Amino acid sequence: MLPALTGLSPDSLATWLKEAGEPSFRATQILEWVWKKKVPSIDAMSNLPAALREKLSASFRLAALEHTHTQGSADTTRKFLFKLHDGRYVESVLIPANPALYGETSDRRTLCVSSQVGCAYGCKFCASGLAGFTRNLDPSEIAGQVLAAEQLSGERVDNLVFMGMGEPLANLDHLLAAIQLITGEKTLHLGARHLTVSTSGLVPQIRQLAEHPQQIRLAISLHGATDEVRQQIMPINRKWPVAELFEALDFWNAKKNQKLTLEYILIDGVNDSLEQAAILGRHARRLHAKVNLIPYNTVEGLDWKRPSDTRCRAFRDVLKQAGVSATLRLEKGHDIDAACGQLRLKQETEEGIISPAPAKR
Ligand code: SAH
Ligand code: SF4
């Protein structure tokens with residue numbers, strides 16, 4: 001399989017052109033076709049000589065992703081399903097101008113991007129972890145989701161969250177290369193401040209990312225304020241317990257001036273006690289973090305439930321009383337908003353690529 005042109009950094013493209021005996025200004029033209037004009041094929045790059053188009057086509061595919069399905073409509077959340085060269089699937093979710101999603105009221109379009117096929121971390125509530133880990137996405141497959149979403153919707157993506165399938169910090173090299181493509185002036189040119197990486201808490205990588213020069217935002221999937229509660233649902237907590245995670249977050253705060261987000265799914269009878277809320281409030285205050293409360297979205301095959309609206313509000317109020325900025329979104333009918341990974345799971349199961357193990361609590 002030929003590499004995708006969308007995986008090439010401007011520098012690598014320049015090197016390739018030089019080796020092919022082509023003048024350097026062609027790089028600017030090619031980058032414009034790919035990332036700005038978003039052409040559907042190499043052949044459509046009409047100001048390139050035919051010979052160069054042929055050379056390019058002999059060495060590269062244009063894109064890494066083949067769009068196969070869209071769920072939702074232009075004025076609602078849309079989920080795009082993409083087929084990869086090895087027959088696997090990933091999905092991205094485009095959330096339109098939307099009130100109070102991911103912690104902020106916003107009139108911006110947010111794209112939720114996947115970083116891996118499956119996930120190795122096995123959080124007990126999550127569809128992405130259900131069938132285990134298959135592979136990392138490469139930079140063209142990660143940045144390509146943004147390009148494809150803009151092509152398919154005809155709209156510009158304003159915000160990007162790495163909250164789709166996979167654990168982005170377990171694929172850090174490819175993530176950083178993709179971020180270069182997403183933020184680069186000659187490529188997608190989205191501001192680093194509009195990018196949020198979400199992690200289940202990989203401590204060494206959080207520290208590494210803290211040292212990264214760009215002002216990327218960080219969200220932590222906390223989902224439990226104590227080891228006791230968190231490790232019931234997130235196996236990673238045994239490796240990186242809460243105290244070590246918070247130390248890494250202190251380090252993050254020392255390096256960055258963006259507010260951290262703590263994500264907290266509310267699961268009935270598991271992590272929704274007001275005692276957890278009080279402990280969470282103390283941590284969030286100390287870290288100057290905002291808290292994003294997400295009532296659990298039901299996943300087929302898993303029997304976790306969201307708490308009642310009354311309980312969700314009571315949990316939020318404890319945080320507010322502790323002086324923490326906390327958001328809670330209660331409206332229903334957003335079944336495709338969260339729980340990224342479900343569409344791909346369904347597709348791959350139907351095609352017999354995977355047979356998810358029966359879910360256990
Ligand atoms: N692996 C990374 C990023 C992907 S998950 C991480 O865990 O942070 C993106 C977010 O969706 C995480 O906070 C995850 O806990 C949450 N999530 C997973 N399953 C969910 C569900 N069924 N309902 C609501 N949120 C869910
Ligand atoms: Fe993986 Fe994140 Fe899902 Fe946990 S919540 S299984 S880390 S994708």
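A residue counts as buried when its relative accessible area is under 20%. Cys-312, with a relative accessible area of 1%, is therefore buried. Keep that cut-off in mind, as it returns below for two further residues. The structure you are looking at is a predicted model.

The pLDDT of the protein averages 90, and 88% of the residues score at least 70. Where pLDDT is low, the predicted coordinates should not be read in detail.

**The sheet and its helices**

Let us turn to the fold. Ten strands form an open sheet with mixed pairing, in the order β1-β2-β3-β6-β9-β10-β11-β12-β13-β14. At its edges are β1 (66–71) and β14 (326–328), each of which pairs on one side only. From one strand to the next, the twist averages 20 degrees.

Within this sheet, β6 (residues 110–112) runs parallel to β9 (residues 159–162), and the two pair over 3 bridges. Cys-112 has Val-161 in β9 as its bridge partner.

| Helix | Strands it lies across | Angle |
|---|---|---|
| α4 (residues 139–153) | β1, β2 (78–83), β3 (89–95), β6 and β9 | about 125 degrees to β2 |
| α5 (residues 172–183) | β9 and β10 (195–199) | about 160 degrees to β10 |

**Cysteines**

Is Cys-112 buried or exposed? Its relative accessibility is 2%, so Cys-112 counts as buried. A disulfide is a covalent bond between the sulfur atoms of two cysteines. With sulfur atoms required to lie within 2.5 Å, the count in this model comes to 0 disulfides.

**Around Ser-198**

Ser-198 lies in strand β10, one of the strands that helix α5 lies across. Because its relative accessible area is 9%, Ser-198 is buried. What surrounds Ser-198, leaving aside its neighbours within four places in sequence? The residues in contact with Ser-198 are Phe-162, Met-163, Glu-167, Pro-168, Ala-219, Ser-221 and Glu-263. With Glu-263 there is also a polar contact, side chain to side chain, at 2.8 Å. Finally, Leu-218 is 20 residues away from Ser-198 along the chain, and the C-alpha atoms of these two residues are separated by 6.0 Å.

Key. Residues are numbered from 1 along each chain as its sequence is written. Chains are lettered from A and ligands numbered from 1 in the order in which they are written. This is a predicted model: local features need pLDDT of at least 70, side-chain atom pairs count only at pLDDT 80 or more; totals for chains, interfaces and linings use all residues. Side-chain values use heavy atoms; hydrogens and water are left out. Two strands pair if DSSP finds at least two bridges between them. Helices (H or I, at least four residues) and strands (E, at least two) are DSSP runs, numbered from the N terminus. Axes are lines fitted to C-alpha atoms, for helices over the stretch in contact, and angles run from 0 to 180 degrees between N-to-C directions. Contact means heavy atoms within 4.5 Å. Buried means under 20% relative accessible area, exposed over 50%, partly exposed in between (1.4 Å probe, protein chains only). A polar contact is a pair of N or O atoms within 3.5 Å; within protein, one must be able to donate a hydrogen and the other to accept it, and residues adjacent in sequence count only if both atoms are side-chain atoms. pLDDT is the predictor's confidence in each residue, from 0 to 100.
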